[in-house]
Amino acid sequence: MDGASILPVLALCLSPGDRVLDLCSAPGGKALVALQTFLPDIIVCNDSSLSRLNRLRRIFKDYLFDFENGNKWRERVFISHVNGVGYEDREGFDKVLVDVPCTTDRVSVTEDENNIFRPDRIKERLKIPELQSQLLVNALKLVRPGGAVVYSTCTLSPIQNDGVVHMALKQAFEMHGILATIRDMSKCFACLSSTLRLGRDAAAPRYGQLVMPHVSANFGPAYFSRLIRTNAMQLDLTQYRPRHEYGDVERREWFAPVAALGVGDRRRPRA
Ligand SMILES: C[S@@+](CC[C@H](N)C(=O)[O-])C[C@H]1O[C@@H](n2cnc3c(N)ncnc32)[C@H](O)[C@@H]1O
């Protein structure tokens, strides 16, 4: 697993007793990291590909002691095979990881076989952001208010990264009345700057963190964004103050619901 792949799991900020959904889970690398923390009470590993879920099972068997026989795991790990866009649940999850299918840039530049940039896969490639957005919208529906969704990709594509987060926030609000805010994690991950090359300045995504491959730090690409679902009632427009009154953290948290509502200027909200 790429060293940067652990970051979306860290961004979930798992707590003891969490009910966790990994919506696009196979082959299970991130779910395995989450399980090895022993924090989640329950983790549902869902994926639309049966062959990849079989790989996930094999990996869990190899890395989790007594996975197939032990009750400890049977009560804790649930494997699900449905399209993540239509995944349904009544209870609500505390944390949802949406590690979406993407153009997987590192694989695309190093392997020819089944390459998503092949001319005959152009239609499939163009549909990727729409699928990613649908998966993220469903994740926002599945997380309980106050819970966190982490959206992640392994591409540098701004459309598949910030673009999808923006589109999904808008759709979640317009179609389902769901509001979410984006948490700025730049300060949390700044300590990794000697190990990983994080996108900064012009290369910094607006809604998340981006690990950029570099000769001196050959990890990634990896993008991840942490969203907290709020109740519609929690959105208080009287708190809408000019940007200069806020630090960067607050501005980013603010921006998402405002964008979802289609209110105000994106770059310079007015009082
Ligand atoms: C980037 S991979 C996930 C990697 C995994 N999270 C890990 O850490 O090992 C994306 C996964 O999304 C799955 N997928 C694609 N379309 C899906 C859909 N509509 N619903 C659920 N899973 C989907 C693919 O089969 C693939 O396993």
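**Close-up 1. The loop between strand 1 and helix 2 in the predicted model.** Gly-28 lies in the loop that runs between strand 1 (19-22) and helix 2 (29-36), and Pro-27 has its place in that loop between strand 1 and helix 2 as well. The peptide bond leading from Ala-26 to Pro-27 is cis, with omega near 5 degrees. Most peptide bonds are trans.

**Close-up 2. The annotated binding site and the surroundings of the ligand.** An unreviewed UniProt entry places the feature "binding site" at Cys-24, Ser-25, Ala-26, Pro-27, Gly-28, Gly-29, Lys-30, Asp-47 and Asp-99. Although these positions span 76 residues in sequence, no two of their C-alpha atoms are more than 13.0 Å apart, so they gather at one spot. In the model, 16 residues surround the ligand, and the closest are Cys-24, Gly-29, Ser-49, Gly-84 and Asp-99. By class, the shell around the ligand divides into five nonpolar, seven polar and four charged residues.

**Close-up 3. The packing of helix 7 against helix 8.** Two packed helices are described by the angle between their axes and the distance between the axes. Helix 7 (residues 128-142) and helix 8 (residues 159-176) pack at an angle of about 50 degrees, and their axes are 8 Å apart; helix 7 is therefore oblique to helix 8. The crossing of helix 7 and helix 8 is right-handed. Helix 7 contributes Ile-128, Pro-129, Gln-132, Ser-133, Leu-136, Val-137, Leu-140 and Lys-141 to the contact, while helix 8 contributes Ile-159, Gln-160, Gly-163, Val-164, Met-167, Ala-168, Gln-171, Ala-172 and His-176. Sorted by class, this contact of helix 7 with helix 8 comprises ten nonpolar residues, six polar residues and one charged residue.

**Close-up 4. The cis peptide bond at Pro-221.** Gly-220 and Pro-221 are joined by a cis peptide bond, for which omega is about 0 degrees. Pro-221 is found in the loop that connects strand 7 (209-211) with strand 8 (222-230).

**Close-up 5. The backbone at Cys-13.** Cys-13 has its place in the loop between helix 1 (6-11) and strand 1. The phi angle of Cys-13 is near 50 degrees, a positive value in a residue other than glycine. Most residues other than glycine have a negative phi.

Definitions and conventions. Residues numbered from 1 in each chain as written. Predicted model: local features only at pLDDT ≥ 70, side-chain atom pairs only at ≥ 80, totals over all residues. Near = placed C-beta within 6 Å. Nonpolar A, V, L, I, M, F, W, Y, C, P; charged D, E, K, R; others polar. Axes fitted to C-alpha atoms, helices over the stretch in contact; angles between N-to-C directions. Helix = DSSP H or I, 4+ residues; strand = E, 2+ residues; numbered from the N terminus. Parallel < 35°, antiparallel > 145°, perpendicular 65-115°, else oblique. Left-handed = near helix turned anticlockwise from the far one by under 90°. Contact = placed C-beta atoms within 7 Å. UniProt positions renumbered as here; feature names shortened; annotations may be inferred.
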